[in-house]
Amino acid sequence: MADETPDNIAGSPEPEGTPAKPAPKPKAADGPVGPAVKAAPARERGANVAIKDVPPKPEKKDDGLRRTTEAEGDQNIWRYSRRGFLEKLGWLSIFSFLGVMLVGTLRFMFPRVLFEPSPIFKAGFPEEYLPGTVSTKWMRDFRVWIIRDEGRIYALSGICTHLGCTPRWLEKEDKFKCPCHGSGFYRSGINFEGPAPRALERLKVALAEDRQIIVDKSIKFLYESGGWDNPQSYLKV
Amino acid sequence: MPIADLKKTVTKSPIWKSVFRHDYKDTPRNRYLQVLSNVWLHLHPTKVSRHAVELRYTWGMGGISFFIFLVLTVTGVVLMFYYRPTDQYAYYDMKYLMNDVPFGAFIRNMHRWSAHAMVITVWLHMLRVFMTGSYKPPREFNWVIGVILLVLTLLLSFTGYMLPWDQLAMWAVTVGTNMARATPLLGHEGPLGPQIGMRPDNDIRFLLLGGTQVGPPALLRFYVLHCVFLPVAAGLLMIVHFWRIRKDGGISGPTGKL
């Protein structure tokens, strides 16, 4: 704390004999009596333009530092006057209060309890899904397709990767088609037409203890990051 | 002449004189005083340069934008008497305003059309300031304030879009807030977001929506932002904006004209 003080008080002349503070030192070297040196140029300027009755600037400015005489020597933190100390303490408490209030208010905006449907749901038994089919059974309630293909069951998120509309499964054309801007996806989820920039997302699937499929919509597997190879993204059947 | 006497009694009374401090004397000094001592008139400079009324130069777009903001404030406050920002009521309150409240459709349409108009006039204002080079020093500070005001105008428009709580509102806000997913660091699908622990339930989009999807908490948040937070922020910045115009030499005009 004591070492930092000279930086905090801009332009304050250094009292003599303080421990090493590199930056302000040259100033102190100009003259042992700091404030007097500082005030001198002002008087000179006054003299040059011949204004006689400009009062000399007050020699002492209260910068919160108590000047020590040579006899007293350096007194470290006791260089602080009571006023300077209390002033800093006051500002510190005001800003700590405001800071804590800000952090608290920000945290206040992130609720602990959400009144939303759970992202996890049970999707029946694997046998209910016939090989080579796309099931739209859970679309209405959960916006998820369950697809059984090539010995695997996976869950595809029904959110278009363009702007978040809901594509439709077109059985005859064997593709997902988004009604908003015409993006098309294969049954694997890979995009092949329209503005969608990437494949539909696959969701985490697992088997519950009662052998039902559990889909967790909060965990996604992206094709472009190799997530579809993750064993959690499909069930082997 | 009893009327003349009455007029004299009224205009010489302390009450009258405490309200109207200066008479109608048409001298430059008195006209300055009339403007300076009036809380409303003093917002305007006591003297404007001749070019200030040249509509071709400024288009009056800043003033028109401010006027529309006032219209939106008044009609918006009036609409608040009937509108409840909850999942259960919002849409039906909007329908009620449109179909059954006396002059409800008029007030709501005024609010809606003014909102569209304000976005247009603020853009035109910005275009004019850009084309006439009025963003240059000493007005560069005010240009930055203006850019922030433009953003606030767009945010006001966006948050207001949500409030009818119909399919259009729902999907517009779904798309709009989905962009927040991709915020660097702060979004759970943005660059470095997942790496520093961003999830759908703790990122910047969650902060906006108060949930992981566009639902009742999002409606309430957008309502508070639309009716309190953003208008107050815009109002404060407008105070700075108008004050700064005066300090930077008044309304900008063609070079060399006074």
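In the predicted model, B:W59 is partly exposed, because 17 other C-beta atoms lie within 10 Å of its own, a number between the limit of 12 or fewer for exposed residues and that of 20 or more for buried ones. The backbone of B:W59 has a phi near 65°, which is a positive value in a residue other than glycine. This residue is found in the loop of chain B between helix 4, spanning residues 55-58, and helix 5, spanning residues 61-79.

A positive phi also occurs at B:F103, where the angle is near 60° in a residue that, again, is not glycine. B:F103 has its place in the loop that links helix 6 (90-99) to helix 7 of chain B. With 10 C-beta neighbours inside 10 Å, B:F103 counts as exposed, since the class of exposed residues takes in those with 12 or fewer.

A further backbone feature of chain B concerns two prolines. The peptide bond that runs from B:P137 to B:P138 is cis, and its omega is near 10°. B:P138 is found in the loop between helix 7, which covers residues 104-131, and helix 8, which covers residues 140-162.

Of the 237 residues in chain A, 18% are buried. Among the contacts in chain A between residues at least 6 apart in sequence, 40% join residues that are at least 24 apart.

Within chain A, 4 strands form an open sheet, in which the order is 5-6-7-8 and the pairing is antiparallel. Strand 5 (168-170) and strand 8 (191-193) are the edge strands of this sheet, as each of them pairs on one side only. Strand 6, made up of residues 175-177, and strand 7, made up of residues 184-185, run antiparallel and are joined by 2 bridges. In one bridge involving strand 7, A:F176 has A:F185 as its partner.

The two chains also meet each other. To the contact between them, chain A gives 8 residues and chain B gives 12 residues. Sorted by class, the side of chain A that touches chain B holds 5 nonpolar, 2 polar and 1 charged residues. The extent of an interface is often expressed in another way, as the accessible area lost when the parts come together.

Technical notes
Residues numbered from 1 in each chain as written. Chains lettered and ligands numbered in written order. Predicted model: local features only at pLDDT ≥ 70, side-chain atom pairs only at ≥ 80, totals over all residues. Contact = placed C-beta atoms within 7 Å. Pairing = 2+ DSSP bridges. Nonpolar A, V, L, I, M, F, W, Y, C, P; charged D, E, K, R; others polar.
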